[in-house]
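Thanks for coming. I will take one structure and go through a cavity, a helix pair, a ring pair and a loop residue.

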Amino acid sequence: MAKVQGTYDDLFTAVPEALAALLDSGDTGASAAVFVDGEPVVDVWGGFTDAARTTPWQRDTLVNSWSVTKTMTALCALILADRGVLDPRAPVARYWPEFAAAGKEAVLVRHLLAHTAGLPDWEGPVEELYDWSAATARLAAQAPRWQPGTAAGYHSLTQGFLVGEVIRRITGRGPGRFFAEEVAGPLGADFHLGLAAEHDGRVALTVPPPSLDEDYAASAPGTGAAPSAATAIRVRDGNSVAWRRAEIPAASGFGNARSVARVQSVLACGGAVGGVRLLSEAGCDRAWEEQFHGEDRVLGTTVRYGMGYGLFGTTYGWGGWGGSLVMVEPDARMAVAYVTNQMRGPEDDNRGLEVVMAAYDGLMGLRA
């Protein structure tokens, strides 16, 4: 069995066992964490940071979590809503006047958070993602593909810029800086929206699925997805220095399972972790408010969206391209995170769910 390092409560041995099994099945490297009541009951890692498998994964290894990043940006918006400076039901143009162009004057902030704004595709060059002003100006000028609020289509890259620009207009700080100063810093969480050069040595680059190379591009996992004009994002783009330095608040967050679970434990624990309160309980409940339930036009699958999170029964959270995932279970005050540098094809990737189910095994023992 693959060697797994870290610490875990004896009741949660199923989690490191699940991680070891994934590494044994061929994955390069990963970390997993479970927090209950804001405290880690699992914090484990294993494997390697590179495709050649020469450098072991360390406790402080960072990896691109792809769309798990969306949960961090959503949390920032929920914090501002809880402070009363952001109204999710207000028009986006209240905060970002230029956004009213091209028939978007009726788009509400909650539409951005729930993928119902009608702006799902990034149609500009990849390089423009690295230029905040250019990216947000492009989206402000774009016409919606459907009447906002009437349908959902996963805003894979665009959601972060849309929500992030609202954050910037309200606070005067970009989402990366706001997150660092208001969330990661106070919580002591090693998660970054825009990664400084000093951390490059800790990064585990993304490894494409077996038999594929770095030209492998993101695609929707569903079979009923509509044709898209979106610019293809390749693994090599995500592995570039430019991607790490940029703020792409839907897809370029760098962290590990420990930091992801710690941040999202805020929602699992009613707004406070380790004596640090970021939200009221009512502010946490806002994440649960269902905004859409039906077929996603981009993913081609049935979804339920809340305020920035996917809703799944008694839990909410989201996963990223390549397998990373975070799940919040408020009833159990539990947050589970799994991050990996090893991609698999979307049709063959239940790894995050396997880690979540292993965490539930431990939770049952905890409650016994």
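Lys70, His115, Gln159, Tyr305, Gly308, Tyr309, Gly310 and Trp318 line the largest cavity. A cavity here is a set of points on a 1 Å grid over the protein atoms alone where a 1.4 Å probe fits but cannot get out, and lining residues have an atom within 4 Å of a point. This is a predicted model, in which local features need pLDDT of at least 70 and side-chain atom pairs pLDDT 80 or more, while totals for chains, interfaces and linings use all residues. Residues are numbered from 1 along each chain as its sequence is written, and side-chain values use heavy atoms, with hydrogens and water left out.

The largest cavity holds about 40 Å³ of space, a volume being the space filled by probe spheres set on the points, which are joined across faces, edges and corners. Its lining divides into 3 nonpolar, 4 polar and 1 charged residues; Ala, Val, Leu, Ile, Met, Phe, Trp, Tyr, Cys and Pro count as nonpolar, Asp, Glu, Lys and Arg as charged, and the others, Gly among them, as polar. The structure has 3 cavities of 30 Å³ or more.

Next, the helices, which are DSSP runs (H or I, at least four residues; strands are E, at least two), numbered from the N terminus. Lys70 and Gln159 return here: Lys70, Thr73, Cys76, Ala77 and Leu80 of helix 2 meet Gln159, Gly160, Val163, Gly164, Ile167 and Thr171 of helix 5, contact meaning heavy atoms within 4.5 Å. By class, this contact has 5 nonpolar, 5 polar and 1 charged residues.

Now the rings. Aromatic pairs (Phe, Tyr or the six-membered ring of Trp, centres within 6.5 Å) are stacked with planes under 30 degrees apart, edge-to-face over 60 and otherwise tilted. There are 12 in the whole structure. Trp66 and Trp243 have ring centres 5.4 Å apart and planes at 50°, so they are tilted.

Lastly, Pro148, in the loop between helix 4 (132–141) and helix 5 (158–171), touches Val107, His111, Thr116 and Ala117, leaving aside residues up to four places away in sequence.

How values were computed
1 Å grid on protein atoms, 1.4 Å probe; cavity = no way out; pocket = protein on both sides within 12 Å on 5 of 7 lines; lining within 4 Å.
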